[in-house]
Amino acid sequence: MNETQIWFGYTRVTKLSRAAKPAPEAIVLFHGFPGQPPAADVEKYKNVPRMRIELAKALLSDRNIDAYLPSYEGVGESRGKFRFDRSVTRSAELAKQIAADGYQRLHVAGHSWGGFVAFNAHRSLGDRAGRLVLLAGLLDLESERWIRGWLPEYIKNYPEILGSDALALDRVAQDLEGTRALYNPMTLATPMAEDALLIAHGRQDLYVDIDISRRFHQGAGGRYLELDDDHVFSKDMPRIIDEVVRFISGTER
C-alpha cells in the first residue's frame, strides 16, 4: 500500500493506493467537524479517525479502490481559515478534480458533517459519480434557531477554529445559515436507488439525531441501515466497514 500526501490549495489530502497508476475506481471519504476531539475528550472520540482509515484500507485491499482522505481548510494539518460554506464548496471542487484523474467512477462517503459535505460533492460529479454513503450524517440544518441552539458548545470546544471573540457566535451562525440556504441536503435531495445510496445511523447517537437520517431516507430513498450503536459506531465498527465495502463494490451478502 502506498500512502502519499497531496495539497489541494490549503487542504491536505491523504491518498492510499496500490500503485502510482490510478485504480479503475476511487473513493473520497470526508470526516466530520472538525475531525479531531476536544482536548478533554480524546479517549471518548478515539474511534473517529480510525473508522475512516480502516474503511479506506479495506476498500483498497479488498477491492483495489484508491482512497482519498481530505481534511478541510483551517482544520488539522490543513492551512487557511475554516468556514462551513467553504468546506462544502472546496470539497466539491476537490472531488471533481479527483474524478477527472483517470477514474471510471468516484464514490463518495461522509460521516457527520462529512455527510453534508459528501452529499454536495457527490451531486457535483455528474456522470462520474459512483455510490454515495452517509454515515450518521448531519443532513439537515433545520433552522436558524436550531443552529444557534447547539453552536455555542462547539465554539467553546474549538475556539482555535471558530474563534473566541464576542462576535464568534453571530459570525459562525451566519456562515451556517448561508450554507443551509444553498447546500442543505434535506432540501436538495432527490430519489436515489438502493444500489446508489447507503444511509446508516446509530440509535444511540447523542450528537446527530437519528430522525434526520430517517427523514432524509424518506425523501432520498436508497438503502437505510439502523444499528444499536453510537455516533461513531464504536460498538460495531467492523460491521459498518463490511457493509460499506459490500455496498461500494456491489457485492451481495
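M186 is found in helix 7 (residues 185-188); helices here are DSSP runs of H or I with at least four residues, strands are E runs with at least two, and both are numbered from the N terminus. At 21% relative accessibility, M186 counts as partly exposed, where buried means under 20% relative accessible area, exposed means over 50%, and partly exposed is in between (1.4 Å probe, protein chains only). Bear in mind that this is a predicted model, in which local features need pLDDT of at least 70, side-chain atom pairs count only at pLDDT 80 or more, and totals for chains, interfaces and linings use all residues. Residues are numbered from 1 along each chain as its sequence is written, and side-chain values use heavy atoms, with hydrogens and water left out.

**Around M186**

- Leaving out neighbours within four places in sequence, M186 is in contact with L139, D140, I212, R215 and F216; contact means heavy atoms within 4.5 Å.
- M186 and G219 are 33 residues apart along the chain, and their C-alpha atoms are separated by 7.9 Å.

**The protein as a whole**

- Count up the secondary structure and you get 9 helices and 8 strands.
- The radius of gyration is 17 Å, close to the 18 Å that the globule rule gives for 253 residues, so the protein is as compact as a globular protein of that length. That radius is taken over C-alpha atoms, and the globule rule is 2.2 Å times the number of residues to the power 0.38.
- If you boxed up the C-alpha atoms along the principal axes, the box would be roughly 50 × 35 × 35 Å.
- Buried residues make up 50% of the 253 residues.
- Take the contacts with a separation of 6 or more: 73% of them are between residues 24 or more positions apart.
- The protein exposes about 11600 Å², and carbon and sulfur atoms supply 48% of that. Accessible areas come from the Shrake-Rupley method with a 1.4 Å probe; for residues, only the protein chains shown count as cover.
- There are 33 positive and 35 negative charges, and their mean positions are 3 Å apart. Lys and Arg count as positive and Asp and Glu as negative, while His and the chain ends are not counted. Each charge is placed at NZ of Lys, CZ of Arg, CG of Asp or CD of Glu.

**Buried residues with polar contacts**

- S87 has its place in helix 2 (residues 84-99), and at 4% relative accessibility it counts as buried.
- The side chains of S87 and W113 are joined by a polar contact of 3.1 Å. A polar contact is a pair of N or O atoms within 3.5 Å; within protein, one must be able to donate a hydrogen and the other to accept it, and residues adjacent in sequence count only if both atoms are side-chain atoms.
- Not counting residues up to four places away in sequence, S87 touches Y72, F82, W113 and V117.
- Over in helix 9 sits E243, which counts as buried at 2% relative accessibility. A polar contact of 2.9 Å joins its side chain to that of R223.

**Backbone details in the loops**

- Going from F33 to P34, the peptide bond is cis, with omega near -5°. P34 lies in the loop between strand 3 (25-30) and helix 1 (47-63).
- A136 isn't a glycine, yet its phi is positive, near 50°. Look for A136 in the loop between strand 6 (129-135) and helix 4 (144-157); it is buried, with a relative accessible area of 0%.
- F233 also has a positive phi, near 55°. You'll find F233 in the loop between strand 8 (223-227) and helix 9 (237-249), and at 0% relative accessibility it counts as buried.

**Two partly exposed residues**

- G9 is in the loop between strand 1 (2-8) and strand 2 (11-17), and at 42% relative accessibility it counts as partly exposed.
- Setting aside residues up to four places away in sequence, G9 touches R79 and R90. The C-alpha atoms of G9 and S78 are separated by 9.2 Å, with the two residues 69 apart along the chain.
- I53 lies in helix 1 and counts as partly exposed at 35% relative accessibility. Its C-alpha atom and that of L16, 37 residues apart along the chain, are separated by 9.5 Å.
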